[in-house]
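This report goes through selected residues, a pair of helices and the cavities of one structure. Please keep the sequence and the 3D view open while reading.

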Amino acid sequence: MSASSHQRYWNSNLKYLAVLLSVWLGVSAGLSIVFADWLDQFRLGGFKLGFWFSQQGSILTFVALIFVYVWLMNRLDRRHDVDDRREGRR
Amino acid sequence: MNVQAWTFVIVGLSFALYIGVAIWSKARSTSEFYVAGNRVPAVVNGMATAADWMSAASFISMAGVISFMGRDGSVYLMGWTGGYVLLALLLAPYLRKFGKYTVPDFVGDRYYSQAARVVAVVCAIFVSFTYVAGQMRGVGIVFSRFLDIDINYGVLVGMGIVFFYAVLGGMKGITYTQVAQYCVLIFAYLVPAIFISLLMTDTVIPQLGFGDTLSDGSGRFLLDRLDELSRDLGFAAYTSGQRGTLDILFITLALMVGTAGLPHVIVRFYTVARVSAARISAGWALVFIALLYTAAPAVAAFARTNLLETIPGTAYADVPGWFKNWESTGLIAFEDHNGDGIIQYVGPDSESRNELTIDRDIMVLANPEIARLPDWVAGLVAAGGLAAALSTAAGLLLVLSTAVSHDLLKKWLRPDISEHQELLAARFTAGLAVCVAGYFGINPPGFVAEVVAFAFGLAAASFFPVLVLGIFSKRVNKYGAVPGMLVGLCFTAGYIVYFKFLYPELNSAENWFLGISPEGIGTIGMMINFLVTVGISRWTPPPPEDVQEMVELIRVPRGAGESHEISG
């Protein structure tokens, strides 16, 4: 893989990380802790929203973040021809 | 058959299952002993990781702790799940591409220094050891609560089982028994949860029942009722936070980052076949973990609501059967201070005097009886608790044994030993680690629970920064990383020892730095580590060419291959 292609691959990776980790921090530190009291004025069924984020919503977000990351990276790997689809079979 | 008999049967069957799996997955090479030959499929690996991660604390204590903490319980819910995002995005794929056997392997090679390797080994041993002593104790406790067997015999039996499959199969044996243990523990957790959800809210899925209306026909939401009950008794509302926001924030971050720095979790991503598998395996691990972790707060709320509705204000003579049963274990106790024969259970905001003491663990252990489930369910819960404790203990013991046989022996003290000799050393140290852990299970130092929180803070402050920087920066070098690890370690350890062991009387918010408790100080330790590592690296020579090329290589998924030895 050429140096510039590698650099572009890595830069895309870093961009994805910046976005995903911002969401991660925003939902955990932000919605579930710092803004939880403010969010409690809204309701989601039988839950106050801040409470729901802190006990369930954050965990669900974490799972989603990882699978979004996997999808983005698989696509990026194929685009830059560095994927490992054909490996690991013996 | 009564509870005890059912427990013997179900626990016995589960143990037979683990032994069977262990025999089937015997390790025949160091590659199989250390990383299961890199052949574990991603979903299977995720399930094993989930069992490895969820210890006796997750299974037995967490729901109870949350039921007493209310919303603040989220420090554990988020703290023990959020780290998996960090693992998946920042560590797992790159460490898999690096393709060695242990975490100190990476630190030693990336920072081209035996000093770095040794510091990493010491951190790994300390972190894993403190954690495992608590697990063996947990095994003993489950045995004594359910089987009326002396705690010490329980620890010995647990030791025997782990010894068998860890020494025989190493990582391969441990991985496949963890899969079996996951199946046992998730079934054991969800069955009572489903039934108590039906009992309280007429909803099958506990996670949904959590936000549903009560089944008593009042049409009120469970959580609203719980808030009301709590306030009436002089407790804070269940859905409100009680601790300071900054402290909650720092504790949660320390736990999340610490998760991503724990050697026994990181090493679980060396066992898959390729980089893309490492990424998705982290996703699957979190799915399997989330099954329990989204049910836990529901169980906590159900149990708390049930407790507050049935016990306070009830005459002692009229308490439900489960109360009397668990009284004899000392997990729940009533002292009639005002002599009226009625149980007063009140919180700090009330004027009455509290007469009821409750241990957190009872919220999960007594659930089957509260939900009026058949006796075999209680036996299942015992098997589940044991599965959780043994699976975590095994993962930790493997880190301890590989730290000695691979990182200390093969890579430092005796590089010339053959593969056969190394495998023998690995088995021997695994056995030794089981015995030492068992000893501390039988004679626990008084501070086991605190020491586990310690482990997270230390992992956050020592490993996490140097691992992430080692991957994302080519400039960071050994002159920065070694002091960084040491400073992070000493700062965090010093703070914790000061407040928890030396001067516990000072351990309150006025004396803390910025109002941050010892449980949260690992976040500060991590920041200090980052600053020191990056700062010193700027002013000292960059790493050699071959190390910088290695960093380039690990950033690309293709070509991971099998984990291997590199001579020199």
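## Two residues with positive phi

Asp202(B) sits in the loop that joins H9 to helix H10 (206-209) of chain B. The model is a predicted one. Although Asp202(B) is not a glycine, its phi is positive, at about 55 degrees. Is Asp202(B) buried or exposed? Asp202(B) counts as exposed because its relative accessible area is 58%, and the cut-off for exposed is over 50%.

Asn38(B) is also not a glycine, and it has a positive phi of about 55 degrees. Its place is the loop between helix H2 (30-35) and helix H3 (42-53) of chain B. With a relative accessibility of 0%, Asn38(B) is buried. The cut-off for buried is under 20%.

## Where chain A meets chain B

Ile59(A) belongs to helix H3 of chain A, which covers residues 49-79. Its relative accessible area is 0%, so Ile59(A) is classed as buried. Apart from residues up to four places away in sequence, Ile59(A) touches Leu77(B), Thr81(B), Ala290(B), Tyr293(B) and Thr294(B). Within chain A, the C-alpha atom of Ile59(A) is 9.5 Å from that of Val27(A), and 32 residues separate the two along the chain.

Thr294(B), one of the residues touched by Ile59(A), is part of helix H14 of chain B, residues 275-310. What does Thr294(B) contact beyond its neighbours within four places in sequence? The contacts are Gln56(A), Ile59(A) and Gln207(B). The side chain of Thr294(B) also reaches the backbone oxygen of Ala290(B), at 2.6 Å. Thr294(B) is buried because its relative accessible area is 6%. Between the C-alpha atoms of Thr294(B) and Met485(B) there are 34 Å, and the two residues are 191 residues apart along the chain.

## Cavities

How many cavities of 30 Å³ or more does the structure hold? There are 6 of them, and the largest cavity has a volume of about 70 Å³. The residues lining the largest cavity are Phe59(B), Ala188(B), Tyr189(B), Pro192(B), Ala193(B), Val299(B), Val364(B), Asn367(B), Pro368(B) and Val381(B). Two elements of chain B give two or more residues to this lining: helix H9 (151-201) and helix H17 (367-370). H9(B) supplies the largest share, 4 residues. By class, the lining has 9 nonpolar residues, 1 polar residue and no charged ones.

Asn367(B), one of the lining residues, is located in helix H17 of chain B. Its relative accessible area is 3%, and therefore Asn367(B) is buried. Setting aside residues up to four places away in sequence, Asn367(B) touches Pro192(B), Ile196(B), Val299(B), Ala303(B) and Ile362(B). Pro192(B) and Val299(B) are among the residues that line the largest cavity.

## Another residue of helix H9

Gly173(B) lies in helix H9 of chain B. Gly173(B) is buried because its relative accessible area is 0%. Not counting residues up to four places away in sequence, Gly173(B) touches Ser25(B) and Tyr165(B). The C-alpha atom of Gly173(B) is 9.2 Å from that of Tyr18(B), with the two residues 155 residues apart along the chain.

Phe499(B) is in helix H21 of chain B, which runs over residues 478-502. Is Phe499(B) buried or exposed? With a relative accessible area of 4%, Phe499(B) is buried. Leaving out neighbours within four places in sequence, Phe499(B) is in contact with Pro504(B), Leu506(B), Asn507(B), Asn511(B), Trp512(B) and Pro518(B). The C-alpha atoms of Phe499(B) and Asn511(B) lie 9.2 Å apart in space, while the residues are 12 apart in sequence.

## A packed pair of helices

Two packed helices are described by an angle and a distance, both taken between their axes. At what angle do helix H12 and helix H22 of chain B pack? For H12 (residues 245-261) and H22 (residues 521-538), the angle is about 65 degrees and the axes are 7 Å apart.

On the H12(B) side, the residues in contact are Phe250(B), Leu253(B), Ala254(B) and Val257(B). They meet Gly522(B), Thr523(B), Ile524(B), Met526(B) and Met527(B) of H22(B). The contact of H12(B) with H22(B) comprises 7 nonpolar residues, 2 polar residues and no charged residues.

Note on methods:
Residues numbered from 1 in each chain as written. Chains lettered and ligands numbered in written order. Predicted model: local features only at pLDDT ≥ 70, side-chain atom pairs only at ≥ 80, totals over all residues. Heavy atoms only, no water. Axes fitted to C-alpha atoms, helices over the stretch in contact; angles between N-to-C directions. Contact = heavy atoms within 4.5 Å. Nonpolar A, V, L, I, M, F, W, Y, C, P; charged D, E, K, R; others polar. 1 Å grid on protein atoms, 1.4 Å probe; cavity = no way out; pocket = protein on both sides within 12 Å on 5 of 7 lines; lining within 4 Å. Points joined across faces, edges and corners; volume = space filled by probe spheres on them. Buried < 20%, exposed > 50% of the residue type's maximum accessible area, 1.4 Å probe, protein only. Polar contact = N/O pair within 3.5 Å; in protein donor to acceptor, adjacent residues only side chain to side chain.
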